[in-house]
Amino acid sequence: MIDVQQHDSQSTALGLQDRPAPGVAGEPAAGNGPLVPPLVTGAEDTVDQAQGAHHRRRWFSGRSGSEDTIQDVDHDTMTLPAQQGPIVRAKAGKAHRGWYAPAATPAPTTTRQAEILNTALIAAPTDDEGVVVGRDRLSNAPVAHDPFTAYEKKTITSPNVVVLGVVGAGKSSLLKTVYVLRPIILRGRRVVIIDKKDRAGEGENAELTRELGTEPFRMVLGGGGTVLNLLDPAILAGDGIAGQYRLLLAVAEEANDGRLLDKWERHALRVAHKATLAATEADGVDPLLEHLVFHLGTHHADFQDFSAAAQERLHQAGLGVRFLFEASLSDELAGLFDGPTSKHVQLASRLTTFDVSQLPEAGPAVSMVMAVANVWLLGTLRNQRNYQTNFIAEEGWSLSQGGTGRLMRSNSKLARGLGLSNIASFHHPADIPRDSPAVAMLKEAQTIHLYRQDRAEDIDMCMTSFGLEAGSREVLANLENGHHLMKIGNRREIHVEHVRSDFEARITNTDEAMIAGPR
Ligand SMILES: Nc1ncnc2c1ncn2[C@@H]1O[C@H](COP(=O)(O)OP(=O)(O)OP(=O)(O)O)[C@@H](O)[C@H]1O
Ligand SMILES: [Mg+2]
């Protein structure tokens, strides 16, 4: 705060009250001189220099009664610095009527320096190259962040992101905007979504996916949805026969309740896979899962040199794997992998949505689709190094168990090397078992969006896991929808209001089923 009295005292003491106004006649001076006339409007003596000098003299002498002091100053020897900078002060008359009328020359500064002037700004400004998130509730400053640019700038050491919060707090809205719609328009960006939540009979990201010009892969049991042929070379994104074998293995293990195949079973699968490819190539047909099933459990030429016991063991191991795949072709999982890949499957799009919202929670279907998505994605990432990919798994908790959890975990490890940002959302962090891969995801993530929590144990977990400031405990319990605490790396968390455009609000509002009621 500029002290009006002090400045006037100084100026008068220096004998400047009679200094003619430079610049525009009749206007007060601006510049970096020793004078900083008060900015306070309404103070009698801040206004018109011609009149103001007179006012000040009277004001000063009236208060101090010391005109003598002024006369002590030697006016002739006083050297004043040249006036600098533009004249930025408004007309004196206007200033008198309350217009903003700074007399000091503005000096260039940086946001970082300006922080100190704004005590309301509790954290360093966010990434000016990032994706806009919303506004800082304390300073009203725009907040922007992007895991990839932040990683490049070494603000964070992991591109993985976690979003936590109670039902309906605004997590999906954030993911759909900040991690899909906004970054996807940037060069070299791609998004893959595992869409788990049902909204009017399809995944909640279906509309968004169509808006962006692609059709979601609608995975449904019993036919009528998208079919993904596990032996389709396109699914491998150029990852070769070894990649295809890894996919078959992952799917078989999902069908095996997440348990790993032993070395006999794996060998039987490898041999059957090779035999399938050779036979279908000879017949000039596309390999399908049913061809593989046919070759599993048969006696292959590769086994000829083995003892009878070993041959029998491999035969039985192959049969075991065959039963697993047969289950995925039977009614239980019919419609997902049985047949050629559906025509609408465009795996090269910038947005790929695997809609698993219609698959049952229990059973291996979701995990199997996750395995396909994962193998395809890794193949794509390895072969197209110029892309940065957001891999979004909503309700990451249910996806973080069993074999899918292992996949997510291995993705997490590969994230940096492959330009992959794994983004998961969770409701209640305290419910996640300590040994779950989801806990590792929470620990690794360096971009954390914390929406409202309503249980003490969840708030405690957020406070300790993310090292939040003591004051954030209450904030966390009382955040409105669309508001969250955002913590980037080791920086202090900031209270962010996520801001959406009209289009984004329309596409992210999930309340209509609740609001509309029965029709
Ligand atoms: N930035 C925002 N500003 C205002 N309201 C918002 C904002 N984001 C979300 N909302 C409101 O909150 C509602 C729920 O949002 P959203 O579906 O994103 O929550 P969620 O946390 O994903 O819920 P769930 O846990 O059920 O998946 C939206 O329909 C919308 O009305
Ligand atoms: Mg949601």
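Which residues of α9 are buried? I started my notebook with this question, working on a predicted model.

**Entry 1: helix α9**

I looked up where α9 runs, and it covers residues 240-255. The helix has 16 residues, and I read a reach of 23 Å from its first C-alpha to its last. That is close to the 22 Å expected at 1.5 Å a residue. I then listed its buried residues: Gln 244, Leu 247, Leu 248, Leu 249, Ala 250, Val 251, Ala 252, Glu 253, Glu 254 and Ala 255. After α9 comes Asp 257, and I noted that its phi is positive, near 60°.

**Entry 2: the protein chain as a whole**

I next looked up totals. The protein chain has 20 helices and 13 strands. Of its 519 residues, 41% count as buried. I also looked up contacts in the protein chain with a separation of 6 or more, and 70% of them are between residues 24 or more positions apart.

**Entry 3: the sheet**

In what order do the strands of the open sheet lie? I wrote down β2-β1-β13-β12-β11-β3-β10-β9-β4-β8-β7, which makes 11 strands with mixed pairing. The edge strands are β2 and β7, the latter at residues 217-218, and each of the two pairs on one side only.

I then went through some of the pairs. Strand β1 (residues 131-136) pairs with strand β2 (residues 142-145) in the antiparallel sense, over four bridges. One of the residues I checked was Arg 135, whose bridge partner in β2 is Pro 142. Strand β1 is also joined to β13 (residues 494-498) by three bridges, and these two strands run antiparallel. Here I found Asp 136 with Val 496 of β13 as its bridge partner.

Strand β3 gave me a parallel case: four bridges join β3 to β10, which spans residues 420-426. Val 162 has Ala 424 as its bridge partner in β10.

Most residues other than glycine have a negative phi.

Asn 140 is not a glycine, and still its phi is positive, about 70°. I found Asn 140 in the loop between β1 and β2. These two strands form a hairpin with five residues between them. Is Asn 140 buried or exposed? Asn 140 is exposed, because it has 11 other C-beta atoms within 10 Å and 12 or fewer is the cut-off for exposed.

Lys 154 is my second case, with a positive phi of about 65° although it is not a glycine. Its place is the loop between α6 (147-152) and β3 (161-164). Lys 154 counts as exposed because it has 8 C-beta neighbours inside 10 Å.

Which strands does α7 lie across? I listed β1, β3, β4 (189-195), β9 (388-393), β10, β11 (447-450) and β13. Against β10, helix α7 runs at about 165°.

I then turned to ligand 1. There are 17 residues around ligand 1, and those that come nearest are Gly 170, Lys 171, Ser 172, Ser 173 and Gly 482. Helix α7 (residues 171-181) gives the most to this shell, with three residues. By type, the shell has two nonpolar, 11 polar and four charged residues.

I looked up Phe 323, which is in helix α12 (residues 308-329). Phe 323 counts as partly exposed because it has 14 C-beta neighbours inside 10 Å. Phe 323 and Leu 296 are 27 residues apart in sequence, and I read 9.1 Å between them in space, C-alpha to C-alpha.

Arg 409 was the other residue, and it lies in helix α15 (residues 402-418). Arg 409 counts as partly exposed because it has 18 C-beta neighbours inside 10 Å. What does Arg 409 touch, not counting residues up to four places away in sequence? I found Pro 437 and Ala 440. Arg 409 and Met 441 are 32 residues apart in sequence and 7.4 Å apart in space, C-alpha to C-alpha.

How values were computed
Residues are numbered from 1 along each chain as its sequence is written. Chains are lettered from A and ligands numbered from 1 in the order in which they are written. This is a predicted model: local features need pLDDT of at least 70, side-chain atom pairs count only at pLDDT 80 or more; totals for chains, interfaces and linings use all residues. A residue is near a molecule or strand if its C-beta atom, placed from the backbone, lies within 6 Å of it. Ala, Val, Leu, Ile, Met, Phe, Trp, Tyr, Cys and Pro count as nonpolar, Asp, Glu, Lys and Arg as charged, and the others, Gly among them, as polar. The expected span of a helix is 1.5 Å times one less than its number of residues. A residue is buried if 20 or more other C-beta atoms lie within 10 Å of its own, exposed if 12 or fewer, and partly exposed in between; C-beta atoms are placed from the backbone. Two strands pair if DSSP finds at least two bridges between them. Two residues are in contact if their C-beta atoms, placed from the backbone, lie within 7 Å. Axes are lines fitted to C-alpha atoms, for helices over the stretch in contact, and angles run from 0 to 180 degrees between N-to-C directions.
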